[in-house]
Amino acid sequence: MKRIYLLLLLAAITFSAQSQNFTVRTVKSNLFIPWEIIYGPGDSIWFTQKNGFICRLDAVSGHTDTLYHETNNVIQSEGGMLGLALHPSFPDTPYVYAAYQYNQGGYKERIVRYTYFYQGDTLGSPLTLLDNITGANFHNGCRLLIVNDKLFITTGDAGNTATAQTLSSLNGKVLRINLDGSIPNDNPIPGNPAWSWGDRNSQGMVYANGRLYTSMHGDSNDDEINIIEGGRNYGWPNVEGYCDGSELTFCNDSNVAEPIYTWTPTIAPAGLDYYDHPMFPQWQNALIMCTLKDTSMYIMKLNGTHDSIIAAIRIDTLHIGRIRDICISPNGSIFLSTSMSPASGNGNKIDRIVELYDSSFVPAGVPVAVKNNALRVYPNPARQEVTVSLHNATTTGLSYRLLNVTGQVAKQGKMEKGTISITELPAGMYHLLLTDTKGAVFTAKILKE
Ligand SMILES: [Ca+2]
Ligand SMILES: [Ca+2]
């Protein structure tokens with residue numbers, strides 16, 4: 001089946017890394033630095049592009065809709081439209097949160113809430129939640145994440161290292177605000193959006209296992225993975241990486257939390273997510289991080305209490321260049337966005353969003369496949385109808401079931417003239433289960449466009 005699938009997905013390449021087979025498929029190309037990608041409802045991926053666009057991608061077909069262009073957005077080296085978050089109950093609560101840089105008495109950063117309007121399929125009504133954060137050519141942080149109805153925002157030191165230890169500055173922090181922009185009354189410092197401080201430039205953030213993890217760019221040494229706790233100091237610029245040598249006094253005096261992992265030489269860490277899906281069993285209970293300079297993906301296996309990394313596996317066989325962000329679909333696929341276009345935007349838009357998956361993975365509840373090579377499905381991907389042959393013979397009269405990615409029966413019946421109509425099915429991946437006259441079950445995947 002894999003051979004057939006690869007023939008169909010001509011652009012796909014299969015690799016084996018650490019005993020995990022995976023395929024990389026380009027979902028969408030010709031993008032300009034998709035800085036944050038989020039897996040949303042209905043197999044959609046919501047993403048920003050650095051030139052001020054907020055878009056929604058169909059994760060199966062690649063069809064992309066542009067929902068908004070922020071005209072106040074100003075690109076300046078690393079600055080532009082960066083972080084993105086959906087309201088936890090989106091689309092019932094139709095709010096989308098984004099971070100971008102603008103010019104107003106200097107280069108600044110703003111956190112905005114947009115409203116999604118079904119009519120017109122568009123975003124509008126921008127509401128500023130937080131602004132006047134100092135922006136810069138470098139070190140803007142800017143990951144957004146909503147946890148328990150609080151919006152967490154990473155900010156960089158914007159090139160002024162002292163800001164990270166200055167509690168009155170919004171820079172060099174993890175900020176925490178309410179979803180209406182007000183300051184939670186249980187923040188560490190009353191009236192202050194700072195949740196933690198001492199950050200240089202964190203561009204990855206994920207919440208899992210009751211813990212908030214970030215990835216941070218070190219200077220010439222010590223990229224870090226941190227577990228962020230309210231009121232803790234993460235050291236920068238006084239402490240880099242673990243507390244050692246002359247840093248120990250500051251660490252003891254300033255409630256410094258050490259990272260749980262560091263890299264020297266640096267790798268330029270970016271998007272961070274948590275993986276626990278059986279599609280890649282050896283990557284379960286792991287943080288997954290993508291990197292820019294290092295053009296790789298790291299699988300960081302966590303211990304049982306999720307507060308320590310027991311193994312870090314580097315996946316360097318993706319060959320897609322600098323990787324900016326990562327998101328994971330409910331069916332276990334890993335999506336990655338690249339960061340290869342010229343930062344100014346004055347050049348070819350050459351970035352992609354790709355899907356990394358195991359084409360042989362069969363979800364729980366689906367019988368183990370037997371003699372898969374005997375079953376052929378074409379065309380695949382398909383929109384209206386697929387022809388199914390078994391041992392190169394017609395399958396007319398055999399029983400079939402089509403399961404969606406969550407294992408639910410989307411359609412079942414008897415094969416008519418060796419074909420199945422899929423016109424009425426939503427776009428997505430389906431598992432075909434075909435039972436022959438002796439009761440043996442054969443499986444294949446069908447991609448409905
Ligand atoms: Ca640190
Ligand atoms: Ca150190």
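**Briefing: a two-domain predicted chain**

The domain assignment divides the chain into domain 1 (16–357) and domain 2 (372–448), the bounds coming from an automatic or database domain assignment. This is a predicted model, in which local features need pLDDT of at least 70 and side-chain atom pairs count only at pLDDT 80 or more, while totals for chains, interfaces and linings use all residues. Residues are numbered from 1 along each chain as its sequence is written, and chains are lettered from A and ligands numbered from 1 in the order in which they are written.

**Overall form**

- The chain contains two helices and 33 strands; helices (H or I, at least four residues) and strands (E, at least two) are DSSP runs, numbered from the N terminus.
- Its radius of gyration is 24 Å, close to the 22 Å given by the globule rule for 449 residues, so the chain is as compact as a globular protein of that length. The radius is taken over C-alpha atoms, and the rule is 2.2 Å times the number of residues to the power 0.38.
- Along the principal axes, the C-alpha atoms of the chain fill a box of roughly 75 × 50 × 40 Å.
- Of the 449 residues, 43% are buried. A residue is buried if 20 or more other C-beta atoms lie within 10 Å of its own, exposed if 12 or fewer, and partly exposed in between, with C-beta atoms placed from the backbone.
- Of the contacts between residues at least 6 apart in sequence, 54% join residues at least 24 apart. Two residues are in contact if their C-beta atoms, placed from the backbone, lie within 7 Å.

**Domain arrangement**

- The C-alpha centres of domain 1 and domain 2 are 40 Å apart.
- Five residues of domain 1 are in contact with five residues of domain 2. On the side of domain 1 that touches domain 2, one residue is nonpolar, two are polar and two are charged. In this classification, Ala, Val, Leu, Ile, Met, Phe, Trp, Tyr, Cys and Pro count as nonpolar, Asp, Glu, Lys and Arg as charged, and the others, Gly among them, as polar.

**Nonpolar core**

- The largest nonpolar core has 110 residues, and Ile45 and Ala98 have the most contacts inside it. Such a core is a set of buried Ala, Val, Leu, Ile, Met, Phe, Trp, Tyr and Cys residues joined through C-beta atoms within 7 Å.
- Strand S8 (residues 95–103) supplies the largest share of this core, seven residues. The core also draws at least three residues from each of domain 1 and domain 2.
- In soluble globular proteins, nonpolar side chains tend to be buried together.
- Beyond neighbours within four places in sequence, the contacts of Ile45 include Ile37, Leu57, Ala59, Phe335 and Ile353.
- Ile37 lies in strand S3 (residues 37–40) and counts as buried, with 24 C-beta neighbours inside 10 Å. Not counting residues up to four places away in sequence, Ile37 touches Ile45, Phe47, Asp325, Cys327, Phe335, Ser337 and Ile353.
- The C-alpha atoms of Ile37 and Asn331 are separated by 16 Å, although the two residues are 294 apart along the chain.

**Strands S7 and S8**

- In strand S7 (residues 81–86), six of the six residues are buried.
- S7 and S8 pair in the antiparallel sense over four bridges, pairing being assigned if DSSP finds at least two bridges between two strands. Leu86 has Val96 in S8 as its bridge partner.

**Backbone features**

- Tyr378 and Pro379 are joined by a cis peptide bond with omega about -10°, and Pro379 is in the loop between strand S26 (375–378) and strand S27 (385–390).
- Another cis peptide bond joins Asn380 and Pro381, with omega about 10°; Pro381 is also in the loop between S26 and S27.
- Asn30, a residue other than glycine, has a positive phi near 60°. Asn30 is found in strand S2 (residues 20–31) and is exposed, with 11 other C-beta atoms within 10 Å.
- His139 likewise has a positive phi, about 65°, although it is not a glycine. His139 lies in the loop between strand S10 (122–134) and strand S11 (144–147) and is buried, with 27 C-beta neighbours inside 10 Å.

**Surroundings of Val256**

- Val256 is in the loop between helix H2 (248–253) and strand S18 (261–263) and is buried, with 20 other C-beta atoms within 10 Å.
- Leaving out residues up to four places away in sequence, Val256 touches Asn233, Gly235, Val239, Cys243, Phe250 and Cys251.
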